[in-house]
Amino acid sequence: MDAEQELREFQREYLDFLDDEADQGVYQEKVREMIRGNSHRLTVNINDLRHKNAKRAAKLLNESHLEILAFQRALREFVLTVDDTYGKQFEEFNVGFEGSFGGKHVTPRTLSARYLGNLVCCEGIVTKCSLVRPKVVKSVHYCPATRKTIERKYSDLTSLEPFPTAAVYPTRDEDGNPLETEYGLSVYRDHQTLSIQEMPEKAPAGQLPRSVEIILDDDLVDLCKPGDRVQVVGTYRCLPSKRQGYTAGTFRTILIACNVIVLSKEVAPLFSAKDVAKIKRFSRSSRHDPFELLAQSLAPSIHGHHFIKRAVLCMLLGGVEKILENGTRLRGDINVLLIGDPSTAKSQMLRYVLHTAPRAVTTTGRGSSGVGLTAAVTMDQETNERRLEAGAMVLADRGVVCIDEFDKMSDMDRTAIHEVMEQGRVTIAKAGIHAKLNARCSVLAAANPVYGRYDEYKNPMDNIGMQDSLLSRFDLIFVVLDEMDPDHDRRVSEHVLRMHRYRNPGEQDGEALPMGGG
């Protein structure tokens, strides 16, 4: 069986899947909805295909290039039977996929060479986003001498066509007559590249986060912006890189997207029925105040600091965000500043929040710049075009940002986070890019006073040494003192010794205590 005949056989099987009038008519209705919405992309749930034709679903995941081509042709044929005039409006109809991908559900870290040519679902956070550019699909040229028009189609390595064409416009016909390009009759397609990185909370400690490049075409462009958490379904493919006439042994890999699903920023906790029963019993308990008990359970390895623990608990639970009818946003994020002497467990409190909060990003004062915290406009090395790159606070949208050594930041970098702390967004107006990115995060900052230790003979403003405009954005400011009191020191040392004395067998030294542990 030759390749074209095999493709027609696949096409017939996909047409049977779409033409489900005898069954429930789900996809027939979806195609009609697509026509009503003037769209040319149909989203297919791969579970439905697996249920109806398991062989095709397995082949689609493993040899996606040929299968998607057959599916798109089947969709075009089906649209022509439903609405003939609508089917002739578009050159091709696209298919997007959703559903459960099993072993093909990957992150940028687990995306390896064995997935090349497969249909995968990659999950991550958008860090870079290029500008939307038009890409030529078909050009029309008119020859004034012969009064003929010439059409020419273009395809590159990201399209489903097997042979890429040259991207140069023809200027003369076969006889050498000059040609005029008819831009109005030519067909162009939107084109955009993204870079998605693995989620900060899922990246292994001590390793650089991995990222993968995504190619978006047509109606998929501008569906997401830097800082969004997305699932991208597409074909994983490698592009040969030619340098000085020879092909190098390493290849550049990309993911050609056919569907982009933007995930919710809200973290939904998964509670079992037993958990819910325990929570209800705990809330009705008359012996304990739930708030006090939760505050005491927070960072049990740290002695004292009762008010700070209550404040951190309030910050983790968050306030109530209000958006008024006139569009004004009143933030529900609580910002906390801990300032005081060294060795008073400020950094340990930050580390506990980092490991407890479902979405938290940590950074230090000297190790981060203003654009690193908010957003930066960078130059793409390959295409030399400017693209937007999200910073730490945009990545921690709907989460917590822990900033240690806050006093070591320069004033210019500190002013960059003013807008984030009050408005909950980052506004960029640089290099011709104007954008607003959401950064609705709580800030937990730890800092030392101006003189290293807190000078009790000077007023708090002289000790803190920060601008009033920045301090007004912190809802709670705690001054933590290392008091020279023998009784207090004895209690702290007893707490530390007691904590290290009662260790579970087999527990590693220096390991963080579990939440609620004594």
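Strands β20 (residues 400-404) and β23 (residues 442-447) run parallel and are joined by four bridges; strands here are DSSP E runs of at least two residues, helices are H or I runs of at least four, and both are numbered from the N terminus. Within this pair, Val-400 has Ser-442 of β23 as its bridge partner. Helix α10 (residues 346-356) packs on the sheet, where it touches β16, β17, β20 and β23, and its direction makes about 155° with that of β20. Contact means heavy atoms within 4.5 Å, and angles, from 0 to 180 degrees, are taken between N-to-C directions of lines fitted to C-alpha atoms, for helices over the stretch in contact.

Before going on, a word on the model: it is predicted, with local features needing pLDDT of at least 70 and side-chain atom pairs pLDDT 80 or more, while totals for chains, interfaces and linings use all residues. Residues are numbered from 1 along each chain as its sequence is written, and side-chain values use heavy atoms, leaving out hydrogens and water.

Now let's move to another pair of strands. Strand β1 (residues 41-45) pairs with strand β2 (residues 94-98) in the parallel sense over five bridges, where pairing takes at least two DSSP bridges. Here Leu-42 stands opposite Val-95 in β2. Four of the five residues in β1 are buried, that is, under 20% relative accessible area with a 1.4 Å probe and protein chains only (exposed is over 50%, partly exposed in between).

Asn-94 is also found in β2, and it counts as buried because its relative accessibility is 8%. Leaving aside residues up to four places away in sequence, Asn-94 touches His-40, Arg-41, Leu-42, Gln-72, Leu-75 and Asp-218.
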